[in-house]
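Q: Could you take me through the ligand surroundings in this entry?

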Amino acid sequence: MSTYDVIVIGSGPGGYVAAIRCAQLGLKTACVEGRETLGGTCLNVGCIPSKALLHASHMLHEAEHNFAEMGLKGKSPSVDWKQMLAYKDSTIDTNTKGIEFLFKKNKIDWLKGWGSIPEAGKVKVGDEVHEAKNIIIATGSEASSLPGVEVDEKVVVTSTGALELGKVPKKMVVIGAGVIGLELGSVYARLGSEVTVVEFLDAITPGMDPEVQKTFQRMLKKQGLNFIMGAAVQKTEATKTKAKVHYKLRKDDSEHVIDADVVLVATGRKPYHDGVGLDALGVEMTKRGQIAVNDHWATSVSGVYAIGDVIEGPMLAHKAEDEGMAVAEVIAGKHGHVNYGVIPGVIYTHPEVASVGETEATLKEAGHAYKVGKFSFMGNARAKAVFAGDGFVKIIVDKDSDRILGAHIIGPGAGDLIHEVCVAMEFGASAQDLAMTCHAHPTYSEAVREAALACGDGPIHM
Ligand code: FAD
Ligand code: NAI
């Protein structure tokens, strides 16, 4: 039996970051992971592999659609799917090995196996029981199931199966127009699949700024994705090679069937804590099956903390990482802090979509008086030069003080541009502060400055 200051259960972005910070703060730390490799959902079957496939398929799309106009003529590359998967796997490999290296560097013990908490202060891995003054549960999430839809990870798949299909399907039906459906739907549409997205609601990406939703859907349609909106999927019927998706249109209750070679179920994720022993331990849960925590990420059981997808809040890697750092600091007696009002969300399609803070809808609901400054990438020289003039930056500010309350970007580099606004929001900046900051020309970031100018006396290039 070994004794630790901290044992972290789960090595995803929440768990591994918590472990590293704990070790850096002088705490004797171990991390339990049941997978073959470290890094959790994000590195193994989430953020990283999906971004590798998005990158490769985007390169193909550029070659097919934009090369000729720039004077780059000749045959477009053909798809070697096995090699693309190998590239994706090697990307996973370098990243997961990187975490192993960081664990060694920080003298963190990797306890290999599935962990449970037989009682407070103890973690069981296999036959061994280890003592820990503090335990951090970071066991993440898994794909939600849909009644009537049986996943086999071959024909009816979750994102995990969609990242390693045997071949590029001719027809793919995606259930759910959320982040996973649109990112992976884009991958396969670019690779030549006929992709149809079936969505329950009337707009894609729920909760996002409505103007962004409309523009985004228009752009995706232009890229060849088909949408069936306001449709509730009832069930799927699958053979070994094909499936039928039955859905009902909400407007008239009419029933329809659509055929597919592969069905991707992307209707959300739910917290995962199987086998940890939370019930017996008496850990309080929320109504939605998450581990309930206070504002120091402490559960109802003394010495047991929880972070990441397994607790409340957006299921995002960087949210889990922030909580990982903060909980380590709390355990070390320091001041751990996460600003939940400034957590960006990014969709890595082409173009990227990014948002942070309030939307007009949330402000209207709260009766908060606001102003909007908007700038189209059509007025941005750099964007036009790379065929990326479609899209805009929208900044929302407090009507009286000009303090930035939120931003919504659809366009080139949106996932990076949003961070300028995040930093501004962290510092309580006004749109004028952004507008007065010199931005290099020609960069996409000038569109952010112009949107900030639009909150005041007006943009220059519009
Ligand atoms: P996880 O990453 O889920 O890690 C939990 C780990 O705990 C797992 O490795 C699991 O094996 C382990 N574990 C569970 N129970 C036990 C146990 N009892 N004992 C030992 N080990 C255990 N987020 C983004 O911010 N950006 C993206 O681009 C993005 N893309 C995504 C794409 C896909 C396809 C998916 C599915 C998700 C994506 N996400 C993305 C979400 C992101 O992956 C999660 O928010 C993030 O991984 C959550 O981190 P976590 O540490 O809470 O849990
Ligand atoms: P999601 O919550 O983003 O979207 C699910 C969609 O499915 C919603 O639009 C919902 O209305 C729809 N839906 C639900 N039931 C349906 C039904 N019966 N028929 C038709 N449509 C139905 O969930 P998603 O895409 O599965 O992603 C899960 C999580 O993973 C998200 O919370 C996200 O934060 C995270 N993620 C983040 C990424 C990023 O940051 N780029 C990338 C991928 C995932």
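A: What follows is a short account of two ligands and the residues around them.

A: This is a predicted model, in which local features need pLDDT of at least 70, side-chain atom pairs count only at pLDDT 80 or more, and totals for chains, interfaces and linings use all residues. Residues are numbered from 1 along each chain as its sequence is written, chains are lettered from A and ligands numbered from 1 in the order in which they are written, and side-chain values use heavy atoms, with hydrogens and water left out.

Q: Which residues come nearest to ligand 1?
A: Glu 33, Thr 41, Lys 51, Gly 115 and Ala 317 come nearest, out of 39 residues around ligand 1. A residue counts as near if one of its heavy atoms lies within 4 Å.

Q: Where does a side chain approach an oxygen atom of ligand 1?
A: At Thr 41, a polar side-chain atom lies 2.5 Å from an oxygen atom of ligand 1. A backbone N or O atom of Gly 14 is 2.9 Å from an oxygen atom of ligand 1.

Q: Which element gives the most to that shell around ligand 1?
A: That is α2, with four residues.

Q: Now ligand 2: what are the closest residues?
A: Ile 180, Glu 183, Glu 199, Gly 268 and Val 346 are the closest of the 24 residues that surround ligand 2.

Q: What do the backbone atoms of Val 346 and Gly 268 do there?
A: A polar backbone atom of Val 346 is 2.7 Å from a nitrogen atom of ligand 2. For Gly 268, a polar backbone atom lies 2.9 Å from an oxygen atom of ligand 2.

Note on methods:
A polar contact is a pair of N or O atoms within 3.5 Å; within protein, one must be able to donate a hydrogen and the other to accept it, and residues adjacent in sequence count only if both atoms are side-chain atoms. Helices (H or I, at least four residues) and strands (E, at least two) are DSSP runs, numbered from the N terminus.
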